[in-house]
Amino acid sequence: MAKQGAFALEDPVSRFLPLNLINPGLNSNVTIRQLLAHESGYSNYTDELQLQIAVAYQPTHVWTPFEMLSFVHQINAPGNERSYSSTNYITLGAIIEAATGIPVEQYFRKKFFGPLHLNSMFLGEREPLWNGATLASPHDNLSPFNPIFQLTGQPTFPDTYTNVSAFPFTGIESLAFTGGAIVSDAKDMAEWGNALFGGRATSYSTIHTMINAISQVPDDDGDFWGYGIFRTTRISATDIFIGHDGRAPGYRSVMFYQPDKKMTIAILTNYYGANLYDVAKALYESLPEFTCGNKNRKEDKIIVCFNNHSLCTDRKAAAVHIQKGAWLGGCEKSGANPAFKSTIKPMEPVTGKAGMKVFPNPAANHTTISFRPAKSGQVSAALYDLNGKYVLPILKGYAEKNILQQVEINTATLPAGTYIVRLQMQEKIQQQRLVRIR
């Protein structure tokens, strides 16, 4: 918008918002650039106790950015230091609406959601959940609200809402606004990361400005902040990851882009207690090496294993191969362990109840897994011990619906004991114990 002349990054907030009337305690000379860089000195609205009390007392109230701004404080002089505050980005959302004259959700939809085909994305509270969608119920105990509920005269834990899924989200969601109220599925969030950093969502000069804004000085968590993004070392100590995370009562998310591989990791959970950086780190470490372009542009092509052949192919072509059963990485690196060779044998369609069978069981030198998927698609199976620790892969590929599949497994080198065979199909996950005997 600045490049289009809607405003300059050095413009003060006062040009667009009557901050002196909303909250005289806030510095109205803070610039748009300082809001972008978290250098406004405005407190984070989520830390304001009086606002928390108001939300707990009236959880169904729809908040405006101006109402939120009346609660926050000036805690640092503008430009003195970078201190993360969602207040900055909610203020930027209000400025977008003032500069364009249209609701920000309409601007997002016209500029990003529509052109990029991000069909699951919408701005919470401002837009409805799309038809046919189900929002995952949030899991987060609200007992930390007890001191606030005591102040408001409401019942406290365990007599009040103990799971946030029973707590009205209207107030929480409307307050988040452009500081964190966008709802998405993981697929679209990953697509957004690739579109943004790949130059399809905005210009490369804008991306360059964002990345150059990243500070050389880390914050207390070791993160390096820029304009709407930060560089983290919590996924890899050596490889660069830039992006953002998100959190709200009952939800957490991470979305980070790895520029050398042109790859986005996006993870969503409806359990607030999850440590998604640990998940992202484990996920990244489990990936095989898959870039295979020329020496100077390795990221341009991807290597996949397809029909037992390692193919170095264009990214779009790789996606087509993967839909047909290929997987990421070369065959010699991503296949099963030699001691755990398996083959998948399609047989004639059969009738009867779908289910997984493991036979013989107990097994000595070999066993066979049979299953008949109800839907066509990717299938995978792996072996785990009784503590849930991954032991070995069994299969990964594509299977047609209603076609009986058989996988023969060499178990001769496995230690004696009890294992869990875990089969994941399009429609469900099945597990069965396998006993290995000598």
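User: Is Ile 437 buried, partly exposed or exposed?
Analyst: Ile 437 counts as partly exposed, because its relative accessibility is 37%. Buried means under 20% relative accessible area, exposed means over 50%, and partly exposed is in between, with a 1.4 Å probe and protein chains only. One caveat: this is a predicted model, where local features need pLDDT of at least 70, side-chain atom pairs count only at pLDDT 80 or more, and totals for chains, interfaces and linings use all residues. Residues are numbered from 1 along each chain as its sequence is written, and side-chain values use heavy atoms, with hydrogens and water left out.

User: Where is Ile 437, and what does it touch?
Analyst: Ile 437 is in the segment after strand S18 (429-436). Leaving out residues up to four places away in sequence, Ile 437 touches Pro 362, Ala 363 and Ala 364. Contact means heavy atoms within 4.5 Å. Helices (H or I, at least four residues) and strands (E, at least two) are DSSP runs, numbered from the N terminus.

User: Where does Pro 362 lie?
Analyst: Pro 362 lies in the loop between S12 and S13. The peptide bond from Asn 361 to Pro 362 is cis, with omega near 10 degrees. Pro 360 is in the loop between strand S12 (357-359) and strand S13 (366-371). A cis peptide bond joins Phe 359 and Pro 360 too, with omega about -10 degrees. As a rule, most peptide bonds are trans, and most residues other than glycine have a negative phi.

User: On phi, what is the value for Lys 262?
Analyst: Lys 262 has a positive phi of about 50 degrees, although it is not a glycine. Lys 262 is in the loop between strand S6 (251-258) and strand S7 (263-269). It is partly exposed, at 30% relative accessible area.

User: And Asn 308: buried or exposed?
Analyst: Asn 308 counts as exposed, at 70% relative accessibility. Its phi is near 65 degrees, positive in a residue other than glycine. Asn 308 lies in the loop between strand S8 (301-306) and strand S9 (309-314).

User: Switching to helices. How many helices and strands in the chain?
Analyst: The chain has 13 helices and 18 strands. Of its 438 residues, 42% are buried. The C-alpha atoms fill a box of roughly 80 × 60 × 40 Å along the principal axes.

User: Why call H5 largely enclosed?
Analyst: Because 11 of the 15 residues of H5 are buried, it is largely enclosed by the rest of the structure. Among the buried ones are Ser 86, Asn 88, Ile 90 and Leu 92. What covers them includes helix H2 (32-36), helix H4 (65-69), helix H6 (104-113) and helix H8 (170-176).

User: What span should H5 have?
Analyst: At 1.5 Å a residue, the 15 residues of H5 (residues 86-100) should span 21 Å, and the end C-alpha atoms are 22 Å apart, which agrees. The expected span is 1.5 Å times one less than the number of residues. Just after H5, Gly 101 takes a positive phi of about 80 degrees.

User: What about Thr 100: buried or partly exposed?
Analyst: Thr 100 counts as partly exposed, at 29% relative accessibility. Thr 100 is in helix H5. Not counting residues up to four places away in sequence, it touches Met 1 and Tyr 107.

User: Now the core. Which residues have the most contacts inside the largest nonpolar core?
Analyst: Tyr 45, Met 68 and Phe 197 have the most contacts there, and the core has 66 residues. The largest share of this core, 6 residues, comes from H5. Apart from it lies another core of 21 residues, among them Phe 241, Ile 265, Phe 306 and Ala 318. A nonpolar core is a set of buried Ala, Val, Leu, Ile, Met, Phe, Trp, Tyr and Cys residues joined through side-chain atoms within 4.5 Å.

User: What is Tyr 45 in contact with?
Analyst: Leaving aside neighbours within four places in sequence, the contacts of Tyr 45 include Met 68, Ser 86, Thr 87, Ile 90 and Leu 175.
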